[in-house]
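The following paragraphs lead the reader through one structure, beginning with a question and then moving from the whole chain to particular places.

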Amino acid sequence: MEEATSSLSERVPTPVPGAIPSSSSQELQNAVAWEEVLLDNLLNFAATPKGLLLLQQTGAIHECVTYMFSRFTKKLQVSRCEKFGYGVMVTQVATTAPGIVALHSSGFIQAIVVELWSALECGREDVRVVHPKSTPMDPIDRSCLKSFLTLVNLMSSPHAVWELLGHQTLPNKTEYNLREMPTSIIDVMDRLVVINSDAKIHSLFNYEQSHTFGLRLLSVMCCNLDSLLLLESQYKLSDILLQSQKDNAIEASSGEGEFIIDGLSVERNHLLVRMNAVGGPSERRLPPRALQKGSDPYPWPLFSSYPLPNCYILDVPKPLRTKQDSEISAFLASSKEAERDENWMESCRRLYCKAMTSKTTVLAGNVLADLLEKAVLHLSSSSANCFFPPAEYKVVDHYVKTRNLTSVEQLGINISLRYGLFLKLLREDSEQDLCLLIKHSQEFLSQQRVTLQSELCYLRGGYPGHDWFSSTIFLLMGGDVGRSLSLLLRFSRLLPSAVLWPARLYSSMHLPMEMAQSGIPPLYSCTAHYVEMLLKEEVPLLFSAFRMSGFTPSQMCIQWLGQCFWNYLDWPEICHYVSTCIIMGPDYQVYMCIAVLKHLQQDILQYTQTQDLQVFLKEDPIHGFRVSDYMEYMEGLERNYRGMVLTDMRSILLKST
């Protein structure tokens, strides 16, 4: 099928008037028609995570995406079977590393960037003279909204950022030709986002509007913590934004600078807080982007250096010890030989469910740490519960300390420390311990990895993101590196580690080789796939809303799960997510996503109507969600779907044995 995507006219001779068509020409025409039908049908696989994995493994992904782009350029329906346009298909494909590479090589991304620039910076000169463009009332003009949402769909995944921007330097030219049109994502970053010179400002016809567009795009991209780490480590975004704020101040008589409040300084202020403050809906306060009416249009403090003003960081309420905490503590104390008792885990699950469904309970602190430790010890001590073979790991601290951390890893550690200190879970001197844990984790996991030959940036070198799961365990264990490492090593033998701990199966010897080489993690091809399947079955109205918006539940779930819900849920609920998936089973990861989406149902339907669903889901934390409120609902999903979901989770990995 190597020629399947070339156009019909290239392969069929031009007919001569009066000539009888040759049989070979007719046969070629029929063959081309069949090839297009085949590609059209294959393209429909790209609408689901598991289907996309199959396309990649069969080597058809590039041809299918090129075929999709050829229909896009001809303004045809994306596929004869797909009713909702290109959004869903493009978003699904762009969520994965091989998918975004295929979109790039097909010319799709270049076409989107050119279309954006035409709407944002160009426009026909004769129309401009006769009908001058009015000053846009919205931060992103309606004429650019479609391009903005397409770029959000393309660039929201860290895989897209790693593949299209990883190891890419900005041009940062001394002069830009006004007729020079961007054609790539790195050009968009250079011309619209990282505006750090007069040359870039003067190269834009609509500087404020265009830079606002760039900052809004950056804001959505930075909601993914791994994308934020890469962009910050490569382009020093915080420094550039802080300098722009400093340049936007005037010298006051007191000697201190007063900030000029305008659209761009307000956008930058919001972005700087978003990039630096860590926490869920009750833990950080993001300043609004709109000016208010009255004498004080923007009461929020602007700043040009870190640390953040205190008003953006909220106080954490101290959890109260409850009756359920005492019951669990008593249960753990009475079962010293838990690993030998076959019924212990069943008793543990019953008590956990009872505690979680109690309206006053917030399991946290030492009780939750002890419970997790004992549960993992029990499960890993039973060969029936161990999914992965035991890994011998006896590396001493002295050897591990010689490992170097990348700038991305160091930035991830800094974010984790800020969050831990804010939650009062860590000490000021915890950095060395967290670095040691991350290095041990890297060393342990690297011993179970295979060397892959791949064109994907994602598969070159080590895991490209930060290990948010290890950081979460470190905070959960109160900064105790010994307890954290011990739990991670035992946990690595259990099936839940395959989906809860994204770094666990990166290039892993435990995956079938074709899956390891695909660059598509099980978190996407399995968990996200079943989220979409169950959402369609359980909450069809929500599933339809996603389809109509051109966005996918899978891309959002991958973001939530990849960073353990950091910045989306408050710390107690993050702990409950981890503990529920370990104690109740890894399929609860799927049910948790369904519960969150169900919780957001009214918001999702509302933002589908206003055409900014993806921006809302990416940028807004999940207000009012408590795992305990949905425990019974998730137990119902378990009764209906565990057989299917858990069987598939096991089968993906068992193919390698």
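Which residues are buried in H23? The model in which this is to be answered is a predicted one. In H23, the buried residues are Trp468, Phe469, Ser470, Ser471, Thr472, Ile473, Phe474, Leu475 and Leu476. Helix H23, which spans residues 468-476, is thus described as mostly covered, with nine of its nine residues buried. After H23 comes Gly478, a residue with a positive phi near 65 degrees.

The chain as a whole may now be considered. It has 657 residues, of which 56% are buried. Its secondary structure consists of 34 helices and two strands.

The average pLDDT of the chain is 87, and 86% of the residues score at least 70. Two stretches call for caution. Over residues 80-84 pLDDT stays under 50, and the model has twelve contacts for them beyond four places in sequence. Over residues 124-132 pLDDT likewise stays under 50, and here the model has four such contacts. Where pLDDT is low, the predicted coordinates should not be read in detail.

Helix H14 (residues 225-235) meets helix H21 (residues 407-422) at an angle of about 120 degrees, and their axes are 9 Å apart. Because angles of 65 to 115 degrees count as roughly perpendicular and those over 145 as roughly antiparallel, H14 is oblique to H21. The crossing of the two helices, H14 and H21, is right-handed. On the side of H14, the contact is made by Leu228, Leu229, Leu230, Glu232 and Ser233, while H21 contributes Ser407, Val408, Leu411, Gly412 and Ile415. Sorted by class, the residues in the contact of H14 with H21 are six nonpolar, three polar and one charged.

Is Tyr588 buried or exposed? Its relative accessible area is 0%, so Tyr588 is buried. Apart from neighbours within four places in sequence, Tyr588 is in contact with Thr580, Cys581, Met631, Met634, Glu635, Glu638 and Arg642. Tyr588 can also be placed relative to Pro496: the two are 92 residues apart in sequence, and their C-alpha atoms are 9.6 Å apart in space.

Some details of the backbone complete the account. Tyr306 and Pro307 are joined by a cis peptide bond, with omega about 10 degrees. Pro307 belongs to the loop between helix H16 (263-276) and helix H17 (323-333).

Positive phi values occur at residues other than glycine as well. Ser507 is not a glycine, yet its phi is positive, about 50 degrees. Ser507 is placed in the loop between helix H25 (497-500) and helix H26 (513-518). Its relative accessibility is 7%, and therefore Ser507 counts as buried. Phe565, also a residue other than glycine, has a positive phi near 65 degrees. The loop that holds Phe565 runs between helix H29 (553-562) and helix H30 (571-583). With a relative accessible area of 0%, Phe565 is buried.

How values were computed:
Residues numbered from 1 in each chain as written. Predicted model: local features only at pLDDT ≥ 70, side-chain atom pairs only at ≥ 80, totals over all residues. Heavy atoms only, no water. pLDDT = per-residue confidence, 0-100. Contact = heavy atoms within 4.5 Å. Axes fitted to C-alpha atoms, helices over the stretch in contact; angles between N-to-C directions. Helix = DSSP H or I, 4+ residues; strand = E, 2+ residues; numbered from the N terminus. Parallel < 35°, antiparallel > 145°, perpendicular 65-115°, else oblique. Left-handed = near helix turned anticlockwise from the far one by under 90°. Nonpolar A, V, L, I, M, F, W, Y, C, P; charged D, E, K, R; others polar. Buried < 20%, exposed > 50% of the residue type's maximum accessible area, 1.4 Å probe, protein only.
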